[in-house]
Amino acid sequence: MEIDENKEYIYDSYQLDCDEGKIIEQMKASTKKSIPDPADWIDADLKRNIVLTSLDWVIDWARRSSLWTAICYPACCGMEWMATLAPRFDGSRFGMEIMRASPRQADLLITAGTLTWKMAPNVRRIYNQMAEPKWVIAMGACGISGGIFRSGYNVVPGYNKIIPVDVYVPGCPPRPEALLYGIQQLQKKIGRAKAVPDLSELPNPLNELPNPLKKDKKK
Amino acid sequence: MTTALSAKEIVSKLSAEFPDAVKEAGADSVLVKSASLPAVTEYLKTADGLKFDYINYITAIDYYDYFEVVYMMTSTEYNRSVTLKTRCETRNRPTVPSLAGIYQGADWQEREVYDLMGITFKGHPNMKRVFLWEGFDGHPLRKDWNK
Amino acid sequence: MTTTQEISLQTEPFVLNMGPLHPSTHGVYRMRVTLDGEVVLDIEPMFGYLHRGIEKLMEERTYTGCIPLTDRLDYASAMGNNLAYCVAVEKLAKIRVPERGEYIRVITAEMIRIANHCLAVGSMLNDAGALGTPFFYLWNEREKLYDLFEMLCGQRVLHNYIRIGGVSQDLPDEFLPALEKFVPQLHKFINEFEFFLKQNEILIARAQGVGVLPKDVALNCGISGPLARASGIKRDLRKDDPYSVYDRFEFDIPTAENGDCYDRYRVRMEEMKQSLHIIDQAIKKVPGGPFRAKVPQIIRPPAGEAYGHIEGPKGELGFYLVSDNSIAPYRCHIRSTSFINLTALRQMVKGWKIADLIVIFGSIDITMGEVDR
Amino acid sequence: MQFKFFGIGMLKGLAVTILHIFRRPSTSQYPEQRLNISRRSRGNELIWDREKCTGCATCAKACPQGVIEIVTSTDMADNKYKVETYRVDTGYCIMCGLCVEACPYDALYLGYSFEKAKYRRGEFVQTNDELKESPQRPASGYFHPDIAKKLPKQTLLIEKATEKRK
């Protein structure tokens with residue numbers, strides 16, 4: 001079959017690019033401040049009312065022992081993330097060998113690589129699509145602060161401008177052991193958290209941010 | 001060995017073919033007028049004894065007074081290479097004829113130059129941004145571009 | 001006049017958006033694929049999801065300070081990028097590298113070629129449907145190389161080892177014995193791996209004759225590296241334009257005729273053998289003496305321009321540098337292999353099924369860091 | 001694409017896979033069993049020696065991105081610089097080692113340890129005495145061959161799969 005250029009079904013690629021550009025510009029304008037670390041606002045709530053039952057403990061244990069990750073490895077740190085899953089450091093010992101292409105089935109987002117403004121709406125979308133409870137590990141210098149590219153014109157200085165980050169793993173890129181240590185830190189944090197947290201009551205900074213992709217949700 | 005073909009040799013061949021195309025010939029590069037660029041490259045690609053059939057790269061440099069567009073071609077048959085240069089003097093909408101019809105490899109590289117340096121290639125089939133998004137303000141590799 | 005049956009069988013092309021985070025794409029790559037059922041009619045590649053502006057950032061840094069940036073270009077073969085950049089700067093500033101430095105460079109460049117081909121072949125087979133097993137076998141070999149790189153420079157992936165005028169540190173005492181131990185192991189592994197896959201019916205069905213790239217198209221698109229050699233273009237800068245000390249070694253340039261995915265896999269395996277052959281020769285010849293010319297941390301090359309290129313693992317990787325006699329490059333253009341090799345993708349995939357598109361894309365072996373820069 | 005006996009190739013492949021059962025595993029059981037990392041390892045922190053530092057700021061100039069922030073004042077009595085603040089954001093540092101390479105007085109080291117994951121972004125900014133060498137923050141032998149000799153020998157996958165730490 002040949003493509004008939006005059007027919008309507010063929011998209012106008014320039015128009016689609018312009019629409020994408022508008023979303024990026026909107027995102028760029030709306031993310032001036034970085035999101036505070038969840039460690040701060042969850043700890044504050046835990047101090048107020050902490051009730052841990054044995055059921056909570058079981059649920060937390062289940063959650064932390066099978067962290068499934070969403071696929072998000074844009075750049076160099078992806079190499080070390082692959083090495084973490086590869087035989088030498090075997091990530092499946094922690095019940096997390098499964099990488100989910102669909103964010104709906106994932107509960108951990110390991111942001112392995114530089115985030116650019118062009119990519120930022122997509123990452124926010126992945127995060128929004130993940131089911132609660134969800135956690136984020138910022139891997140590498142680019143994930144924490146933009147790293148060597150921070151002064152670049154197309155680079156987001158850290159994932160915490162876009163999404164709240166639970167654990168920061170420094171390094172450029174971090175060794176697989178360093179990442180595994182970060183995952184263990186996250187598991188500790190999950191064990192400490194309330195099993196059924198009512199996140200809507202917490203001062204979630206995400207709710208206050210304008211979401212450029214909210215339009216899509218309504219559809 | 002990929003030696004840059006001595007400019008004398010190529011200038012003598014080019015000036016015989018195109019009397020007023022070559023502006024000046026440096027030690028390892030030839031500066032041609034932008035209007036005659038497609039004809040010159042077509043000749044370089046097909047003529048016997050030259051056969052520059054492989055394009056290495058296309059780039060542009062901002063010298064404030066003018067933009068210099070640099071092309072490097074290699075002849076895989078004779079294993080030598082040549083650097084062609086052309087200039088456009090205006091800062092506002094500079095234009096250079098496109099080579100996308102002659103070398104397919106030029107297609108995306110010209111788009112890249114347009115995206116980052118803001119030089120339009122006349123005759124290119126799909127002249128739009130390749131790395132940055134539509135609506136990005138300015139062309140970042142220009143020396144006077146600021147965030 | 002069309003009958004009802006004809007109307008019901010009539011199909012229309014539809015557009016599928018793949019990426020930027022597709023499991024099988026090697027990084028954040030996006031394409032709009034126009035499909036007729038399962039058959040690919042046309043694709044429109046879109047980049048920029050990892051465009052970090054390295055060329056602009058280089059204009060703000062000193063010549064030595066740019067080396068960490070080149071690491072992050074093609075992160076699957078960081079050492080090759082270091083080498084290409086340093087070759088270009090040395091050409092610009094007319095610096096001569098001591099013998100020992102050149103030999104260390106050759107050894108590391110060939111090691112990174114093996115490491116890159118391990119990843120390239122592994123991920124191509126991964127895309128072809130062999131999820132896991134061959135990829136992990138090859139990754140284990142890559143892990144051994146990571147160990148050696150870590151011994152050299154302290155980092156596994158982004159080495160930042162080669163400096164202008166040589167290398168940053170001398171070889172540790174235990175490096176050459178370890179490398180000597182590694183070479184026969186890898187020989188054994190390659191033979192085993194070829195036995196593992198040589199007659200595999202699934203691989204042959206998925207790869208042989210798929211995504212043929214004719215020689216003239218490859219040349220016209222400016223394709224280089226194993227991709228071009230699989231199409232029959234016998235061009236290798238190590239022979240055609242010898243940099244470093246490559247003219248002192250004996251090795252072949254493996255080529256193939258068909259230019260399909262299977263040939264690309266075969267060429268890469270052969271190249272690994274040739275790289276081992278070069279390492280074998282280089283280990284025996286490493287001379288003593290200084291490993292680095294006396295180059296200050298901050299250099300001011302004379303005004304001018306230079307194009308330095310090497311045969312990287314993926315093909316011709318070049319840096320075009322313009323200097324204005326200041327401490328930072330006036331302009332640095334990167335002739336990125338992956339970006340130009342991708343040009344031919346559109347011709348290669350037309351008419352194939354969408355599942356083949358993934359295999360063809362995998363067989364090109366690209367890294368998005370280098371495509372977008 | 002013709003096969004004499006269909007399935008031979010796949011059987012060969014399966015044979016190779018089965019033979020891997022009898023080989024030594026290459027997995028290191030990380031938290032319990034640890035690898036000795038390279039003697040020149042570029043760990044995820046910077047170690048600064050206050051006594052050796054003269055405040056010349058060569059490191060800050062060599063850093064490709066300007067992570068190192070150094071504030072000095074002149075000490076008129078001794079006629080030399082006095083370092084007031086030395087600040088490094090290890091979440092921004094990429095551990096390229098160019099500062100260590102540039103330091104003319106051997107006052108900078110890269111760290112040997114790598115387990116530095118934190119819950120808060122602010123904890124990565126380290127100032128003055130936090131940058132000192134201590135048992136929790138050992139220095140690595142990157143560009144310091146004398147330290148490299150004292151560190152344990154690196155575990156190689158070529159030789160031995162895993163090794164326990166003492």
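## A buried alanine in chain B

Let's start with B:A21, which counts as buried because its relative accessibility is 3% (buried means under 20% relative accessible area, exposed over 50%, partly exposed in between, with a 1.4 Å probe and protein chains only). The model is predicted: local features need pLDDT of at least 70, side-chain atom pairs count only at pLDDT 80 or more, and totals for chains, interfaces and linings use all residues. Side-chain values use heavy atoms, without hydrogens and water, while residues are numbered from 1 along each chain as its sequence is written.

B:A21 sits in the loop between α1 (7-17) and β2 (22-25) of chain B; helices (H or I, at least four residues) and strands (E, at least two) are DSSP runs, numbered from the N terminus. Leaving aside residues up to four places away in sequence, B:A21 touches B:L31, B:V32, B:K33, B:S36 and B:V40, where contact means heavy atoms within 4.5 Å.

## A sheet in chain C

Over in chain C, three strands form an open antiparallel sheet in the order β6-β7-β8. Its edge strands, each pairing on one side only, are β6 (304-311) and β8 (331-335). From one strand to the next, the twist averages 10°.

Strand β7 (residues 316-323) of chain C pairs with β8(C) in the antiparallel sense over five bridges; two strands pair if DSSP finds at least two bridges between them. C:V322 stands opposite C:R331 in β8(C).

## A helix across the strands

Helix α4 (residues 78-93) of chain C lies across β6 and β7 of chain C, at about 145° to β6(C). Axes are lines fitted to C-alpha atoms, for helices over the stretch in contact, and angles run from 0 to 180 degrees between N-to-C directions.

Technical notes
Chains are lettered from A and ligands numbered from 1 in the order in which they are written.
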